[in-house]
Amino acid sequence: MKYYILFGPPGAGKGTQAKFIAEKYNLLHISTGDLLRKEMAAGTPLGLQAKQLIDGGNLVPDEVVVGMIKNTFALNKDVSGFLLDGFPRTIAQAQKLDEMLAENGEKVDKVLSLAIKDETIFERIAKRAQIEGRKDDADPKTIQNRIDTYHEKTEPLIEYYKEKGNYCEIPGEQTIEEVFSDICRTIG
Ligand code: AMP
């Protein structure tokens, strides 16, 4: 089983690239953001619990997303690999993931990291707000909070994976096609 992580700040293009990568490499795409938005749309207790945090640009608790990932792994034993998009987002989540995989003698194969500047994040999210209508994309204060949260809680994962030797950085300010071709070269 292959495990790839698509890593990067909000607006880096993870969702766009994930669709291409999952199709080309026959991976199951798991986006914790999409899973949470489905829970919110369905009005489940989990969705209701997560809504305020997501709409405010804050992370939901580690146990919630780790639980969702565990369930998705358990329900999809016959796939050839997974592409994790938006997970892990904290060191605690990364450690849990490593523990989960180690139980079966597995590990994260590669971390595909899309690097973009904070200014670009703002531009991209403002554009996406008009297309997708996400509440957490609409307000500049919420966007700034998501960027701050990324720097504070998620960025430390770069060092975590660099130390493990599976961290691969791809310049995310190129065209969609250029980013994808860099990713394909990195996956090999
Ligand atoms: P995304 O679609 O990946 O931008 O995620 C949207 C929102 O869902 C984030 O701003 C968080 O509130 C929540 N979320 C998604 N993935 C995670 C995660 N791995 N850990 C905590 N919160 C998450």
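This is a predicted model: local features need pLDDT of at least 70, side-chain atom pairs count only at pLDDT 80 or more; totals for chains, interfaces and linings use all residues.
**View 1. Cysteine sulfurs and the search for disulfides.** A search of the whole structure returns 0 disulfides, a disulfide being a pair of cysteine sulfur atoms within 2.5 Å. C168 takes part in no disulfide, and its nearest cysteine sulfur, that of C184, lies 13 Å away.

**View 2. The largest nonpolar core.** This core has 29 residues, and those with the most contacts inside it are I5, L36, F73, L84, L97 and Y161; a nonpolar core is a set of buried Ala, Val, Leu, Ile, Met, Phe, Trp, Tyr and Cys residues joined through side-chain atoms within 4.5 Å. Among the elements giving two or more residues to this core are β1 (2–7), α4 (62–75) and α9 (156–164), with helices (H or I, at least four residues) and strands (E, at least two) taken as DSSP runs numbered from the N terminus. The largest share, 6 residues, comes from α4.

**View 3. Surroundings of Y161.** Leaving aside neighbours within four places in sequence, Y161 is in contact (heavy atoms within 4.5 Å) with I5, P88, A94, L97, V111, N166 and Y167.

**Notes to all views.** Residues are numbered from 1 along each chain as its sequence is written, and side-chain values use heavy atoms, with hydrogens and water left out. Local features need pLDDT of at least 70 and side-chain atom pairs count only at pLDDT 80 or more, whereas totals for chains, interfaces and linings use all residues.

Terms used
Buried means under 20% relative accessible area, exposed over 50%, partly exposed in between (1.4 Å probe, protein chains only).
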